Amino acid sequence: MKNILIFVLCLFLCGSLNAQIYGCTDIRANNFNPQARINNGTCTYDATTVTPFYTCNLPVQLNGTSGLVFFDNKLFSHNDHYDKTLYQISTDSGQIVDSILLENVVYQDVEDMDQDSLYLYLGDLGNNGTGNRNNLHILRISKSSMFTGNIEIDTIWFSYADQDDFSATNSNATDFDCEAFVVAGDSIYLFTKQWNTYGTSLYVLPKFPGRHQAQFITHYHVEGLITSANYNAETKQIVLCGYSSLLQPFLLLLYDYQDNDFFSGNKRKINLNLPFHQVEAIAGLGNYQYYLTNEYISRYEVTIPAKFHKIDLSEFLSPETVNVLDKDKNTGHFLIYPNPAKTNLFLDGEIEFSDIYVYDNCGKLVKTSNNCQQIALDNLVSGHYWLNICHKNKIISIKHFIKE
């Protein structure tokens, strides 16, 4: 009996260890590990540059554009100075469609905005002047009141829990500046703009009115200045935008992370083909389309007007568009059934492959199999999944299925 118990215990431990294999789970990465089940943030990628598929100039009233948010089929932007106006802009032309004046509020350096289902959050976060502001806050605006003529606004005040020194610094010389935040669940997450280290620190605070201390979570050396953030609640993907010391704008894609440590998973940096553009704002449309704006700058005899851009990131974020590499003509065709499926998924046809990888709708690897006829689904929750079929370590096909 004792030997049987030891044997069962060993099987349990081995199964637990196999289920906890850490590594790169992103099949797009150079160092993808098909055995890994938990992303440990080690994925590496080739240098990549993308070009917006649409660009136009913004009106001069938005030369200081610094935030974007899309809701109720409307796109809004704001300036980063004392202009207390929210501008609704056309998603086709970038021109101003309407405006909302926020009276009786105090502005100093409004740098970004985000939303949840009930509120618009407008962040007076900028702190790069002297680095010692003691009035950092986020305005919480009731969406239902925005077009009534009686706008309801309250305030979320905060300070950084680990900022002890409030001595004045020179301009652009503090690591306690911030221009980017997202609202997720019951919290607000800040991504700082660190002028000394060219990194960013992640902080969290409650999203409710009152006075709070933003608690430090982690730091990431992004090699640039973060200026805006977008969170997709459906896919749990975060896209940050920013620029380098040479004004090379970039995006940082964060996904397949653990809990609220957004830098624990994939961190894919992509340059934008917009040299010398000070990109300041980003907002998502659906899961993979994004709007961007850059503010007006004139430096070193170069003038760049404020502009509005549209960009498609489905190539990098959508499980459906993972590149199919070197398809083998001899692999044949096959079907998966039933779809939707409850307990098992079956494959039928002339198939030659070595491994199957199942990803959830957020791009996280949830199951592997080398069974070419049947895949057990009983350990998967209901939802949409993607089946990646591989042969000789290359993807030959991708199939979508639904687990009931």
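At 3% relative accessibility, does Tyr203 count as buried or exposed? Tyr203 counts as buried, because its relative accessibility is 3%. The legends below go with close-up views of a predicted model.

**Figure 1. The whole chain, for orientation.** The predicted protein has two helices and 32 strands. Of its 404 residues, 53% are buried. Among contacts with a separation of 6 or more, 51% are between residues 24 or more positions apart. The average pLDDT is 88, and 88% of the residues score at least 70. Residues 7–18 have a pLDDT below 50, and beyond near neighbours in sequence this stretch has one contact in the model. Residues 321–332 also have a pLDDT below 50, but this stretch has 25 contacts in the model beyond near neighbours in sequence.

**Figure 2. The aromatic pair of Tyr189 and Phe262.** A pair of aromatic rings is described by the distance of the centres and the angle of the planes. A search of the whole structure finds 18 aromatic pairs. In one of these, Tyr189 and Phe262 sit edge-to-face, with 4.9 Å from centre to centre and 70 degrees between the planes. Tyr189 belongs to strand E14 (residues 187–193), while Phe262 is in the loop between strand E19 (249–255) and strand E20 (266–272). The two residues are 73 residues apart, and their pair links distant parts of the chain. Tyr189 and Phe262 are both buried. They also belong to one aromatic cluster, together with Phe191, Tyr220, Tyr257 and Phe263.

**Figure 3. The aromatic pair of Tyr203 and Phe216.** The ring centres of Tyr203 and Phe216 are 5.7 Å apart and the planes meet at 75 degrees, so this pair is edge-to-face. Tyr203 lies in strand E15 (residues 200–206) and Phe216 in strand E16 (residues 210–220), so the pair ties together parts that are 13 residues apart in sequence. Tyr203 is buried, whereas Phe216 counts as partly exposed because its relative accessibility is 42%.

**Figure 4. Charged side chains over aromatic rings.** Two examples are shown here. Lys74 lies over the face of Phe147, 5.5 Å from the ring centre. Arg140 lies over the face of Tyr119, 3.9 Å from the ring centre.

**Figure 5. The disulfide and two further cysteines.** A disulfide is a covalent bond between the sulfur atoms of two cysteines. The structure holds one disulfide. It joins Cys24 to Cys43, with an S to S distance of 2.0 Å. The torsion about this S-S bond is about 105 degrees, so the disulfide is right-handed. Cys24 is in the loop between strand E1 (22–23) and strand E2 (38–39), and Cys43 is in the loop between E2 and strand E3 (49–50). The pair links distant parts of the chain, 19 residues apart. Both Cys24 and Cys43 are buried. What is the relative accessible area of Cys56? The value for Cys56 is 14%, so Cys56 is buried. Cys178 counts as buried too, because its relative accessibility is 0%.

Figure 6. In soluble globular proteins, nonpolar side chains tend to be buried together. The largest nonpolar core in this model has 22 residues, and Leu251, Leu253 and Leu313 have the most contacts inside it. At least two residues of this core come from each of strand E18 (237–243), E19, E20, strand E21 (279–285), strand E22 (289–294) and helix H2 (314–317). Which of the elements gives the most to this core? E19 does, with three residues. Beyond its neighbours within four places in sequence, Leu251 is in contact with residues including Val239, Leu240, Ile270, Leu272, Ile282, Leu292, Ile311 and Leu313. The contacts of Leu251 also include Arg268 and Lys269. A second, separate core has 19 residues, among them Ala180, Ala229, Ile238 and Phe263.

**Figure 7. The surroundings of Gly123.** Gly123 is part of strand E10 (residues 119–124). Gly123 counts as buried because its relative accessibility is 0%. What does Gly123 touch, not counting residues up to four places away in sequence? Its contacts are Asp109, Val110, Glu111, Asp112, His137, Ile138 and Phe181. Gly123 and Leu190 are 67 residues apart in sequence, and their C-alpha atoms are 9.9 Å apart in space.

Conventions:
Residues are numbered from 1 along each chain as its sequence is written. This is a predicted model: local features need pLDDT of at least 70, side-chain atom pairs count only at pLDDT 80 or more; totals for chains, interfaces and linings use all residues. Side-chain values use heavy atoms; hydrogens and water are left out. Rings of Phe, Tyr and Trp (its six-membered ring) pair if their centres lie within 6.5 Å; planes under 30 degrees apart count as stacked, over 60 as edge-to-face and the rest as tilted. Helices (H or I, at least four residues) and strands (E, at least two) are DSSP runs, numbered from the N terminus. Buried means under 20% relative accessible area, exposed over 50%, partly exposed in between (1.4 Å probe, protein chains only). A charge sits over a ring if NZ of Lys or CZ of Arg is within 6 Å of the ring centre and within 35 degrees of the ring normal. pLDDT is the predictor's confidence in each residue, from 0 to 100. Contact means heavy atoms within 4.5 Å. A disulfide is a pair of cysteine sulfur atoms within 2.5 Å. A nonpolar core is a set of buried Ala, Val, Leu, Ile, Met, Phe, Trp, Tyr and Cys residues joined through side-chain atoms within 4.5 Å.
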